[in-house]
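User: I am new to this structure. Please pick one part, look at it closely, and then tell me how its surroundings are laid out.

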Amino acid sequence: MCVWPWEMDRRDLYSGTWYPKAMVHNGSLPHCKLPTRVFPVKVIALEDGDLEATVTVWKDDRCHEFKFVMRKTKEPGIYSTFHGKKTVHVEKTSVEGHYIFYCEGLHNGKSFGMGKLMGRNPEENPEAMEEFKKFIQRMELQEENMFVPEIRDECVNESD
């Protein structure tokens, strides 16, 4: 079920901290490009229904933080980002506090797709994981392209 922030009783349903619990890609990522550690994602629901996300990635042995805005589209639960080059589908799961975010588009001229099971806390949830596996099947993705990265509370550059 896809939902818009303003369809909720509370605007803060999307806002807050989200933990990436599992990820899947469409086969477009080489093994060396898969994240081995992930960090909480901060989301703010903007007044107009857009979402602002702050993401931290570990690359080249350093922390890199960036923000981007996911612009609402006419279709509920679908956002456009990176100047319209990528589409993000947000799907509520039946498990409290868990959503699936699926981003697709072109990256360096190649088709790209990455899904994330996101939760309000970092604890494992077998029921949410089962639902994520059903999402993978429904999207005709390969379960062998699913992985569970290490979740860290914050990113600290090791040379600092």
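Analyst: Helices (H or I, at least four residues) and strands (E, at least two) are DSSP runs, numbered from the N terminus. By that rule, Met 146 sits in strand β10. This is a predicted model, where local features need pLDDT of at least 70, side-chain atom pairs count only at pLDDT 80 or more, and totals for chains, interfaces and linings use all residues. Residues are numbered from 1 along each chain as its sequence is written, and side-chain values use heavy atoms, with hydrogens and water left out.

Start with Met 146. Its relative accessible area is 19%, so Met 146 is buried (under 20%; exposed is over 50%, partly exposed lies in between, with a 1.4 Å probe and protein chains only). Set aside neighbours within four places in sequence, and Met 146 is in contact (heavy atoms within 4.5 Å) with Met 23, Val 24, Met 129, Phe 132, Lys 133 and Ile 136. Lys 116 is 30 residues from Met 146 in sequence, with 9.4 Å between their C-alpha atoms.

Now the helix. Helix α1 runs over residues 126-138. Its 13 residues should span 18 Å at 1.5 Å a residue, and the end C-alpha atoms are 18 Å apart, so the two agree. The expected span is 1.5 Å times one less than the number of residues.

Which residues of α1 are buried? They are Ala 128, Met 129, Phe 132, Phe 135 and Ile 136. Seen down the axis, these buried residues fall within an arc of 110°, so they line one face of α1. The arc is taken from the directions from the helix axis to the C-beta atoms. An α-helix has 3.6 residues a turn, so residues three or four places apart point the same way. The other side of α1 has exposed residues: Pro 126, Glu 127, Lys 134 and Gln 137.

What does the buried face meet? The buried residues of α1 pack against β1 (16-25), β7 (86-92), β8 (98-107), β9 (110-119) and β10 (146-147). Strand β10 is where Met 146 lies.

Strand β8 also holds Glu 104. Glu 104 has a relative accessible area of 32%, so this residue is partly exposed. Beyond its neighbours within four places in sequence, Glu 104 is in contact with Lys 85, Lys 86, Thr 87, His 89, Phe 112 and Gly 113. Met 114 is ten residues from Glu 104 along the chain, and their C-alpha atoms are separated by 6.5 Å.

Strand β7 leads back to a loop. Phe 82 lies in the loop between β6 (78-81) and β7. Phe 82 is not a glycine, yet its phi is positive, at about 50°. Most residues other than glycine have a negative phi. Phe 82 is partly exposed, at 34% relative accessibility.

Last, the whole chain. It has one helix and eleven strands. Along the sequence, the pattern is β-β-β-β-β-β-β-β-β-α-β-β. The chain has 160 residues, and 43% of them count as buried. Take the contacts between residues at least 6 apart in sequence: 52% join residues at least 24 apart. The chain exposes about 9,700 Å², and carbon and sulfur atoms supply 49% of that area (Shrake-Rupley method, 1.4 Å probe).
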